[in-house]
Amino acid sequence: MQAIVLVGGEGTRLRPLTDTVPKPALPLVDRPFLAYMIEWLGEHGVTEAVLACGFLPDQLREALGDGEHAGVALTYVVEPDRRGTAGAIRFAAEALGERLEDRFLALNGDVLTDLDLTALQRSHAERGARATLGLYAVEDSAAFGLVDCDAAGAVLAFTEKTGRAEPGAINAGAYVLERSVLDLIPAGRQVSIETEVFPRLVGDGLCALPLDGYWMDIGTPERYLQATWDILEGRVATAVLPTAPGLFVVAGGAVAESARIGPRAVVSAGCSVGSGAEVAGSVLLADCEVGEGARVHDSVLGAGTVVAAGAEVRGAIVGAHERVGAKR
Ligand code: GDD
Ligand code: MG
């Protein structure tokens with residue numbers, strides 16, 4: 001199975017962390033965020049993923065490498081200008097050319113999930129659908145695509161971002177598509193699959209399947225931190241091995257014995273934490289330095305950040321290579 005993964009967004013709500021690193025390459029616990037998605041795809045029969053990039057494609061390539069990850073062959077395609085969700089799928093499909101299979105997966109690349117993609121593919125095949133959307137039940141559907149379907153799974157309505165804080169079955173950003181869907185996407189311009197393609201497929205082969213499991217859009221600092229604890233506390237199926245529940249401290253790091261790490265913390269490779277310092281509810285990306293007696297609470301420190309001895313950081317997202325001084 002082939003998959004087209006949309007990774008063209010800029011991740012603006014995670015600035016300043018995403019100033020230098022595109023969101024899919026941002027480390028989550030011990031690996032780039034996108035690695036989770038590729039590993040998940042690999043578990044559901046995907047052997048080739050095309051990463052549809054827009055923003056900072058080189059860093060993405062650096063983070064995951066060329067070749068393959070977890071048994072999935074990786075190809076990168078870069079749109080010359082913003083194409084929107086459907087336009088990007090079309091552009092990536094054209095890049096594959098004749099190699100594109102008649103049926104493939106398309107995914108929003110900004111969610112952490114373990115939903116059952118195998119069940120989605122099976123349901124698509126059994127119904128002979130043109131497109132099948134994975135659905136996920138949420139309490140507040142306002143910021144998502146809201147999907148109404150009948151008992152047999154035929155979609156009756158697809159409404160993108162209703163703005164109404166109501167519970168509902170939302171578009172989880174995981175689709176099985178027949179190649180013929182590409183004919184509905186005009187070439188060479190920005191096209192949204194949510195507003196321009198799915199509404200046209202209602203009544204014409206658009207199906208959906210509600211899925212159980214873990215699903216989270218990691219687009220904000222709060223959700224980035226929550227996803228970290230969900231991985232480390234076993235609420236999502238991943239290959240990460242926590243140091244202890246809620247905790248990930250890279251082996252061999254320079255953490256002083258009297259430093260207090262946790263509850264809930266990530267201390268990445270190359271970090272040092274001085275004596276008497278506290279790191280709680282926080283993520284230290286690579287090569288951070290937390291000085292003696294400093295306190296870091298409910299924060300994310302970008303790579304190479306230095307927190308001076310005795311300084312305090314609370315509820316902050318600090319960009320890479322910043323210096324946080326002590327209060328006088
Ligand atoms: N390559 C490429 N080019 N990727 C793009 C482009 C583009 O022009 N525009 C958006 N993307 C990627 C984003 O990086 C993201 O991975 C995905 O497409 C979805 O775009 P978002 O901008 O994150 O959309 P959203 O989160 O507001 O809404 C979408 O996702 C929801 C689930 O998280 C919609 O698909 C909703 O219907 C859905 O519920
Ligand atoms: Mg999104």
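Visitor: Hi! Which residues are buried in α1?
Guide: Phe33, Leu34, Ala35, Tyr36, Met37, Ile38, Glu39, Trp40 and Leu41 are, where buried means under 20% relative accessible area, exposed over 50% and partly exposed in between (1.4 Å probe, protein chains only). This is a predicted model, in which local features need pLDDT of at least 70 and side-chain atom pairs count only at pLDDT 80 or more, while totals for chains, interfaces and linings use all residues. Residues are numbered from 1 along each chain as its sequence is written, and side-chain values use heavy atoms, leaving out hydrogens and water.

Visitor: How many residues of helix α1 are buried?
Guide: For α1, residues 33-43, that is 9 of 11. Helices (H or I, at least four residues) and strands (E, at least two) are DSSP runs, numbered from the N terminus.

Visitor: New topic: how many aromatic pairs are there in the whole structure?
Guide: A search finds 4. Rings of Phe, Tyr and Trp (its six-membered ring) pair if their centres lie within 6.5 Å; planes under 30 degrees apart count as stacked, over 60 as edge-to-face and the rest as tilted. One of them joins Phe144 and Trp215, with centres 5.6 Å apart and planes at 75°, so this pair is edge-to-face.

Visitor: And where do Phe144 and Trp215 lie?
Guide: Phe144 is in the loop between β9 (131-138) and β10 (145-149), and Trp215 is in strand β14 (residues 215-217), so the pair ties together parts 71 residues apart in sequence.

Visitor: Are those two buried or exposed?
Guide: Both Phe144 and Trp215 are buried. Ring pairs also link Tyr136, Phe144 and Trp215 into a cluster.

Notes:
Chains are lettered from A and ligands numbered from 1 in the order in which they are written.
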